[in-house]
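I set out to look up a few local features in one structure and to note what I found. The entries follow the order in which I looked.

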Amino acid sequence: MEGHLNLTLKIWRQKNASVAGKFETYQVSGISTDMSFLEMIDVLNNRLIEEGDDPVAFDHDCREGICGMCSMYINGRPHGPNRGVTTCQLHMRSFQDGETITVEPWRASAFPVIKDLVVNRSSFDRIIAAGGFVSVNTGNAQDANNLPIPKDDADEAFAAAACIGCGACVAACKNASAMLFTSAKVSQLALLPQGKVEAATRAQAMVAQMDEEGFGACSNTGACEAECPKGISIENIARMNREYFSSTFSSK
C-alpha cells in the first residue's frame, strides 16, 4: 500500500524504577508516512488497549517541538535520525517499509526511568531553581526597551534561550553531562544587562547543583551540540566556564 508502512517495533518496557526492564517486540501495519512518530505510538497503544494490554508510557505535551517532553532514543539517537527535530516533529516518512525501529528511554543515572519511555527529569528543574532566574529589580517593560544591548549579545542570548530542556544533550553524551543545558540557561541571562548583576552567584549555584544531581563532566566530543534539536551551541559551555572561574577567583 503506497504511502503506508509495515514496521517492527522493539520498545523498552519497564513497570517502574524498582524492577528490571526489557525490550518487547510489536508489529504495526498500515502506518501512514504522514504520521508523526508519536501518532504511530498512539496507533500501537490504541491496539494494546483494545487487546487488554498495558499501553506504552511516553512523555508528550505540545507536539509542536516547543515543550521538550517527547524524550526518547530512536534507533540509538536522541529524537531519531533527523537533525534539528524533536520526536513529535519526526514523521514516519523518515523510515522504510519493513524497517525495525528500536525505541528506548534516556539512559542517565540523573534521569531515572519512571515507566517504559518516561524518565524523571526533575534534576533539570532543580538546576534552574538553584539560580536560573533574575531576582533583582530590573524595572518595567519600558525600562527594558530603553536599555541599549549590542545586537550580537541579543542574538546569542536569544539562541541560548531556545533550549527546551528535553535532555537530548545528556542522552547523547557518553558522560551523561548536563553542561550544554546548564550553560544555555546561564548564558541567556549572563549576556543581558538584567542578568549580569547576579551572573557570578548564578554560575556558582547552578554548576554546584548540576554536580550534586550526578551529571558527568563534559566529554568535549560535541555530541550534545550535534544531537540538540534546537542547535544550542557548545560556545555556551565555554561562556559558562568563564563565568564560573571568573567568579571563583574574584571571590577569593
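**Entry 1. The model.** I note at the start that this is a predicted model.

**Entry 2. Aromatic pairs.** I searched the whole structure for aromatic pairs and found eight. I took up Tyr73 and Trp106, whose ring centres are 5.5 Å apart with the planes at 85 degrees, so I recorded the pair as edge-to-face. I then placed the two residues: Tyr73 is in strand β3 (residues 73-74), and Trp106 is in the loop between β5 (100-104) and β6 (113-115). The pair thus links distant parts of the chain, 33 residues apart. I found both Tyr73 and Trp106 buried.

I next looked up Phe124 and Phe181, an aromatic pair that is stacked, at 3.7 Å centre to centre and 0 degrees between the planes. Phe124 belongs to helix α2 (residues 122-131) and Phe181 to helix α6 (residues 179-190), so this pair ties together parts that are 57 residues apart in sequence. Phe124 and Phe181 are buried. I also recorded that ring pairs join Phe111, Phe124, Phe181 and Phe215 into a cluster.

**Entry 3. A charge over a ring.** I found Arg107 over the face of Trp12, 4.2 Å from the ring centre.

**Entry 4. Helix α10.** Which residues of α10 are buried? I listed Asn236, Ile237, Arg239, Met240, Ser247 and Thr248. Viewed down the axis of α10, its buried residues fall within an arc of 165 degrees, so they line one face of the helix. I recalled that an α-helix has 3.6 residues a turn, so residues three or four places apart point the same way. On the other side of α10, I found Glu235, Arg242, Phe249 and Ser250 exposed. I then asked what covers the buried residues of α10, and the cover includes α4 (151-161), α6, α8 (199-212) and α9 (223-227).

**Entry 5. Ser36.** I located Ser36 in the loop between β2 (22-32) and α1 (37-50).

**Entry 6. Positive phi.** I noted that Arg63, although not a glycine, has a positive phi of about 55 degrees. Arg63 is in the loop between α1 and β3 and is partly exposed, with a relative accessible area of 27%. Asn220, also a residue other than glycine, has a positive phi near 60 degrees. I placed Asn220 in the loop between α8 and α9, where it is exposed, with a relative accessible area of 69%.

**Entry 7. Cysteines.** How many disulfides does the count give? I counted zero disulfides, the cut-off being cysteine sulfur atoms within 2.5 Å. For Cys163, the closest cysteine sulfur is in Cys169, at 6.4 Å, too far for a bond. For Cys224, the closest cysteine sulfur is in Cys218, at 6.2 Å, also too far for a bond. I recorded Cys163 as buried at 16% relative accessibility, and Cys224 as buried at 12%.

Definitions and conventions. Residues numbered from 1 in each chain as written. Predicted model: local features only at pLDDT ≥ 70, side-chain atom pairs only at ≥ 80, totals over all residues. Heavy atoms only, no water. Helix = DSSP H or I, 4+ residues; strand = E, 2+ residues; numbered from the N terminus. Phe/Tyr/Trp six-rings, centres within 6.5 Å; stacked < 30°, edge-to-face > 60°. Buried < 20%, exposed > 50% of the residue type's maximum accessible area, 1.4 Å probe, protein only. Lys NZ or Arg CZ within 6 Å of the ring centre and 35° of its normal. Arc of directions from axis to C-beta. Contact = heavy atoms within 4.5 Å.
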